[in-house]
Amino acid sequence: MIFQARKGQVSYGEAIGILLLETYAPFIPGDVGNATTYSFPVRFKVVKGLTAKRVFEHDWSVLDAIIAAGRELVQEGVRAITGDCGFLAIYQREVANQVEVPVFLSSLLQVPFISRMLKDDEKVGIIVANSKAVNSRLLESAGISKDVPVNIRGLEDQEHFRRAAIEETGILNAEKIEEEVVSVAKQLVAGDPKVKALLLECSMLPPYAAAVQRAVNMPVFDFTTMINFVYSALIRKPFEGFM
């Protein structure tokens, strides 16, 4: 078999490219920014100047940098591009229109799909890093129209999560954050019986998804469910078995 090198590509086999914010936080296993989260190779690219503050403020001045980083990932051989913040949904269409591979920047893109799994009057509960940064434009950018029933709760008032993810102190207490996330999930579900599935928006939340599911006993989606789903479509493998 003969293979042809691609100009500008110096490594191979990384189907998923991940755009990273310029953040200062430990990325523990399960976090989108930790390579051991995945059962396949991924390629990371930091977008210079793309801070959490700018994303929460829906700052459009960073769009060109996001597009440029996405194009670099394509040149380096990735087959699809995601991000490490659900609030990147605000840039979804613009980036998707400017790069040559599929783009799925935000975990929030799963919400319309999740909603279609439920009854018409049932809701998707969404736990976000900062509920104050959620508006109709962000939701619509992720395909969450007004006819998609959701209930949104934020973690910005949870001390340990806030210090690690928003204030970026550089310290992450995983046990305390798990307690906070589980508590918010239980409050959300107890306060709204119509919620029948949960979506964890923030890229730092997948490590706590199993604990959340044990607490609320319902489907729990996050960045990793989306990334694994897309990877399974990009890299199809033949079935093996017997009859």
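Which residue in E3 stands opposite Ile16?

A: Ala80 in E3 stands opposite Ile16. The model is predicted: local features need pLDDT of at least 70, side-chain atom pairs count only at pLDDT 80 or more, and totals for chains, interfaces and linings use all residues. Numbering starts from 1 along each chain as its sequence is written, and side-chain values use heavy atoms, without hydrogens or water.

Helices (H or I, at least four residues) and strands (E, at least two) are DSSP runs, numbered from the N terminus. E1 and E3 run parallel, joined by 4 bridges. Two strands pair if DSSP finds at least two bridges between them. The open sheet has 4 strands, ordered E2-E1-E3-E4, with parallel pairing. E2 and E4 (103-104) are the edge strands, each pairing on one side only.

Helix H2 (residues 63-75) lies across E1, E2 and E3, at about 155° to E1. Axes are lines fitted to C-alpha atoms, for helices over the stretch in contact (heavy atoms within 4.5 Å). Angles run from 0 to 180 degrees between N-to-C directions.

Buried means under 20% relative accessible area (1.4 Å probe, protein chains only). In H2, the buried residues are Leu63, Ile66, Ile67, Ala69, Gly70, Leu73 and Val74. They sit on the same side of H2 because they cover an arc of only 165° around the axis, taken from the directions from the helix axis to the C-beta atoms. Their cover includes strands E1 (16-20), E2 (42-46) and E3 (80-83), and helix H3 (92-96). After H2 comes Gly77, with a positive phi near 110°.

Note on methods:
Buried means under 20% relative accessible area, exposed over 50%, partly exposed in between (1.4 Å probe, protein chains only).
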